[in-house]
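Please read the following note beside the sequence and the model. The points are numbered so that each can be checked in turn.

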Amino acid sequence: TPSHALYETDLSRSGDVPKRILGSDYDGYVVRDGWQGYNNYNGQRCWPHLMRELDDFTEDSKEIQIQATYFHKLYERCLKAKKKRPKKRKKLVEVFNSIYELGYMIEVLSKIKKCREFVTKLQNARPLLFTGVIHPEIPLDNNYSERKLRKIVVHRKLMGCIRNEKGQRFIENVMSSMETWDQQGKNVYENLINFAS
């Protein structure tokens, strides 16, 4: 959230983990990639994940390149649409998601053999692509979360102390506290000293 961070590591990537943390009755929104563990929650699908995946195919075909460029432009249009009034946002989503826009792109890509797997992902993501346009407080990407996770991933690679339960709990508690203090504009160093003494 804007004021609190909670870190938890788990060996599993199943839906049981978010269910344990968020609860089964969580009615907020989760900005996510395509991982199935979050399928039971309202969501916004991360656009940059999909755009990067499509970009990987652009060297193979001029048509894929054209559709990837369109997809990037559609993302930019969605970002601008977030600033419009509610009725206008809803109308824009209808246009963006129509057979003339995203629907046309899906139709073109579905005819290209190399893109069929991507098209399936995009079709599955389609109902979750425009949540952040309808509800502008929800971002269209999960970049914020990934930036927050990068610190703990780098720490794990350098120190390796997440391999046991005690080290895992220590990292979860310290990182949760430090990031929460930082988000609340508090002095992290002073709070760590008070916390440790």
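How does Glu53 count by its relative accessibility: buried, partly exposed or exposed?

1. Glu53 counts as partly exposed, because its relative accessibility is 24%. Buried means under 20% relative accessible area, exposed means over 50%, and partly exposed lies in between (1.4 Å probe, protein chains only).

2. On the basis of the values: this is a predicted model, in which local features need pLDDT of at least 70 and side-chain atom pairs count only at pLDDT 80 or more, whereas totals for chains, interfaces and linings use all residues. Residues are numbered from 1 along each chain as its sequence is written, and side-chain values use heavy atoms, with hydrogens and water left out.

3. The protein chain contains 10 helices and 2 strands; these are DSSP runs, helices being H or I of at least four residues and strands E of at least two, numbered from the N terminus. Read from the N terminus, the order of elements is α-β-β-α-α-α-α-α-α-α-α-α. Of the 197 residues, 38% count as buried.

4. The whole structure holds 5 salt bridges, a salt bridge being a side-chain nitrogen of Lys or Arg within 4 Å of a carboxyl oxygen of Asp or Glu. One of them joins Glu53 to Lys121, with the closest N and O atoms 2.9 Å apart. Glu53 belongs to helix α2 (residues 47-55) and Lys121 to helix α6 (residues 116-125), so the pair ties together parts 68 residues apart in sequence. Lys121 is partly exposed, with a relative accessible area of 31%.

5. A salt bridge also forms between Arg77 and Glu101, where the closest N and O atoms are 2.8 Å apart. This pair links distant parts of the chain, 24 residues apart: Arg77 is in helix α3 (residues 62-81), and Glu101 is in the loop between α4 (86-96) and α5 (102-110). Arg77 counts as partly exposed at 33% relative accessibility, whereas Glu101 counts as buried at 14%.

6. In the salt bridge between Lys148 and Glu179, the closest N and O atoms are 2.6 Å apart. Lys148 lies in helix α8 (residues 143-159) and Glu179 in helix α9 (residues 165-183), and the pair links distant parts of the chain, 31 residues apart. Both Lys148 and Glu179 are buried.

7. The last point concerns Ile21. This residue lies in helix α1 (residues 16-22) and counts as partly exposed, because its relative accessibility is 36%.
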